Amino acid sequence: MIRFRPLSMVPIALYACAKPDPTPTWTGEVAPIIADHCAICHRDGGVAPYAFTDYTQAVALAASMPSVLQSGFMPPWRADASCRSYADDLALSADDQATIIGWATGGTPLGDGVDSAEPGAYGITSIDAILALTTPWTPVETPDEERCFLFPYEGGDGFVTGLWADPGDPQEVELVRAFVVAPADLGPWEALDDTDPADGWSCGGDPGGNALPTTWLGTWTPGEKHGDFPAGTGIPIAAGSKVGVQIHYHVATGRPDSFAMELSLASTVEHRASWVTVADPTWPAGITVPAGSTGAAFTYEDVVSSAVTVYAAEPVERDFGTAATLDSSAGCLVDVPAWDPDWQRAYAFSTPQSLAAGDTVDVTCTYANPGATDVLGGDGPGQETCRGMLYATTN
Ligand code: HEC
């Protein structure tokens, strides 16, 4: 026989819910949010100058938290959530933001749980090759330095299935792009490398100076959690290739950096992938941002020639960018409404986007130039560029 729960229980439960929420505690509500949204950067060895993965460290920063959260300065995740959802999204929900602020302004209670906001596992699942500088590099160019290095690839024909950068000085490295140079193309790349007797070469913008074809492996930025490429996909690499890295350094510290790049490798994959560039072929030369202008925008539309699946998107501009969008006729790919050159990155989709033949993909870059002279298109300091990068497989 089935017994029914007496209805009189219900009003009691409702009454209990109506009590005002107590101040959130560090171990109860706050540390898990910090672990998910902040700790990948705010840990020992992270990009941020302050770690707060335990209570004492977090209390020391608590007074600064409300203003940096309310202004949107932190966490530095610039993709708009209304476009689509992303893997490892660092953005805070309104509730989570209110929880941290409530704790920070409510006496920072400890709670009685476990005192840890460590970020959990990060990096790549399998480290199959490590490409490391033999001599640490000390960046010197101001205000920023972009330096390229070529590393020999010792493995056989196969696929790169993940990448992770391990900067010796995490606070000095803003962005890393990796690319493959096939054996047949090595000559001009090695000549570029030889232009500077020191290790590597100075390489703003396109590492091949817009002249050499570049097979991108991907981008690594501080704040990324996982460097594995989407399951079943990989980018081809041939025995005898070299792997190039372009490191964007903040030079303020002036410290030597013992940079290393880690790769995951596989001999076969289900789907061969590549980074596809969406950009007007006349760019960056065809871009001019007029002196004293705001809102100058450049748009380019490509028509998809055969069906592809897109797993990640990265818009690219430089310091004069104010917004960047990658859209498609099948759905929004990434929208960065307030471009922030310090926090550009590739955004991995939670769910891949299929594009059919005939679908369109658009990139739009918007700029502001407060100066008295036009900003010209190019890859050097003080110039501007615009492109969209898509990690895609053909179906
Ligand atoms: C992607 C990396 C990253 C993430 C994620 C991140 N931060 Fe930061 N945070 C930084 C860096 C780098 C700085 C130093 C910025 C500077 O000095 O310009 C910083 C600075 C701060 C500061 C100090 C600001 C000051 O007063 O100078 C606070 C407070 C802060 N972050 C809180 C948070 C909180 C809370 C979260 C999570 C909700 C978070 N951050 C997520 C990288 C990050």
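This report walks through the ligand shell, one of its residues, and a sheet in a predicted model.

## Ground rules

Residue numbers start from 1 along each chain as its sequence is written. Because the model is predicted, local features need pLDDT of at least 70 and side-chain atom pairs count only at pLDDT 80 or more, while totals for chains, interfaces and linings use all residues.

## Around the ligand

The ligand has 21 residues around it, and Cys38, Cys41, Ala48, Met74 and Gly223 come nearest (near: C-beta atom, placed from the backbone, within 6 Å). Helix α4 (residues 65–70) gives the largest share of this shell, three residues (helices are DSSP runs of H or I, at least four residues, and strands runs of E, at least two, numbered from the N terminus).

By class, the shell holds 17 nonpolar, four polar and no charged residues. Here Ala, Val, Leu, Ile, Met, Phe, Trp, Tyr, Cys and Pro count as nonpolar, Asp, Glu, Lys and Arg as charged, and the others, Gly among them, as polar.

## A look at Met74

Met74 lies in the loop between α4 and α5 (94–105).

His37 is 37 residues from Met74 in sequence, yet 9.5 Å away in space, C-alpha to C-alpha.

## The sheet

Eight strands form an open sheet with mixed pairing, in the order β1-β9-β3-β7-β10-β19-β13-β16 (strands pair if DSSP finds at least two bridges between them). β1 (129–132) and β16 (347–355) are at the edges with a single partner strand each, so one side of each has no neighbour in the sheet.

Strands β3 (residues 158–166) and β7 (residues 233–237) pair in the antiparallel sense over three bridges; Gly158 has Ile237 in β7 as its bridge partner.
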